[in-house]
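Thanks for coming, everyone. Let me put today's structure on the screen and walk you through it.

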Amino acid sequence: MSTALLSGLIILVLLVIMLIAGVPIAVALGISSICAILPVMDTSVAVLTGAQRIFSGISVFSLLAIPFFILAGNIMNKGGIAVRLINLAKLVTGRAPGALAHTNVVANMLFGAISGSGTAAASAMGSIIGPIEKDEGYDPNFSAAANIATAPTGLLIPPSNVMITFSLVSGGTSVAALFMAGYIPGILWGLACMAVIYFIAKKKGYRSTSKFTGKEKIKVLLEAIPCLLLIIIVIGGIIGGIFTATEGSVVAVVYSLLLSLFGYKSIKLKEIPQILKESAEMTGIIIFLIGVSSIMSWVMAFTNIPSLVSEGLLAISDNKFVILFIINVILLIVGTFMDMTPACLIFTPIFLPVCTALGMNTIHFGIMMIFNLCIGTITPPVGTTLFVGVKVGKVKIETVFRQLLWYFLAIFIVLMLVTYIPQLSLWLPSLMGYV
């Protein structure tokens, strides 16, 4: 048996056993990786090298963007920004069939784009729009499904922490290019779900009775402009080369804090320590995962596992479309059992060499992978966004999941378009000179 095959089997078997046993995924990654290298390396050397890899893996300047974007997202989630974006979304959607559900979609896209969190979007939008939809006669399962299905769009529409993670693990892919590449796929996801909402709402007769006066429209726009300026300032600054993604994350924190404290006056100074604590806890989990995953990346490179996987896939077929479809299926399955960050850290080094050998652009592959893993956040058994959406919508998973099936079909169609039409991901980056 080859070294690569033996190490790969050790990682796979130990990882599955420990995850089933409830071992934290970061610990499971570290132990399985160290055990996988033992057949070809002395124990003491393997342990010392593994520890060194953890520290080198997190000693990267670009990783500083993650804690700051997390902090900015937490500030926005509690800073009254959600309500302003919902009112703006109402203006955009008008009085079409299922207008409130359409409002939920647009608001998720806007709020997700600002906070970079699917769970935050599902929680904020579901808790605010859900009761309004119920008052207007909407089925709670329909409302919850629309909220859950579109909450992950904010993970594709920048800023997105998982894009920063992919940039690191893929060998330094431009974060700005990935940010630009996520816009069209993220918007297509939202539009596909809005098409589903339109047909269901028209069939069930869901229509909005609310209407804004001219004066109210102006007020809504004026209140939403500061929120939208955050996107323009942060993303525009990164794309324009005014500051890096890391510096942009700090700008996002300062802007959102000033807006929440002095603009909307929705956060008090005494609440800031708790927000900082929650952000630090989330950051610690993600950074430790990244550090431990660097051990696995080193083991894979040392034992040549990616080459083994590449040879295995190419042995199945030499057709690019078939191989990409197989990779999509694997990632969809992985996403149902694993959170986005560890899945990205584990499977990027495995599948990226295969896709680049097929002539696929790294940016395109990154968006395809993130799109797949976003779907995993709304599918059981580890769908965090699904569980949050069910909780705030006060519905049962088994009833809302049936409603989600049509959305899954629409999202899967968009995934296939993103996979096989590279320009959907690469057009905007190419306009900015990144491709």
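Start with the overall size. A compact globule of 435 residues would have a radius of gyration near 22 Å, and the protein chain has 22 Å, so the two agree. That radius is taken over C-alpha atoms, and the globule rule is 2.2 Å times the number of residues to the power 0.38. Along the principal axes, the C-alpha atoms fill a box of roughly 75 × 45 × 45 Å.

A word on the source. This is a predicted model, where local features need pLDDT of at least 70, side-chain atom pairs count only at pLDDT 80 or more, and totals for chains, interfaces and linings use all residues. Residues are numbered from 1 along each chain as its sequence is written, and side-chain values use heavy atoms, with hydrogens and water left out.

How confident is the predictor? pLDDT is its confidence in each residue, from 0 to 100. The protein chain averages 84, and 95% of the residues score at least 70. Where pLDDT is low, predicted coordinates should not be read in detail.

Now the fold. How many helices and strands are there? The protein chain has 21 helices and 0 strands. Both are DSSP runs, numbered from the N terminus: helices are H or I with at least four residues, strands are E with at least two.

Next, packing. Buried residues make up 54% of the 435. Buried means under 20% relative accessible area, exposed over 50%, partly exposed in between, with a 1.4 Å probe and protein chains only. Contact means heavy atoms within 4.5 Å. Among contacts between residues at least 6 apart in sequence, 80% join residues at least 24 apart.

Two residues to look at. Thr348 is found in helix α17 (residues 340-357). Is Thr348 buried or exposed? Thr348 has a relative accessible area of 0%, so it is buried. Not counting residues up to four places away in sequence, Thr348 touches Phe166, Val169, Ser170, Ala343, Pro353, Phe365 and Met369.

Then Met368, in helix α18. Met368 counts as buried because its relative accessibility is 0%. Leaving aside neighbours within four places in sequence, Met368 contacts Leu324, Ile327, Asn328, Met360, Leu415 and Thr419. Met368 and Leu417 are 49 residues apart along the chain, and their C-alpha atoms are separated by 9.9 Å.

Notes:
pLDDT is the predictor's confidence in each residue, from 0 to 100.
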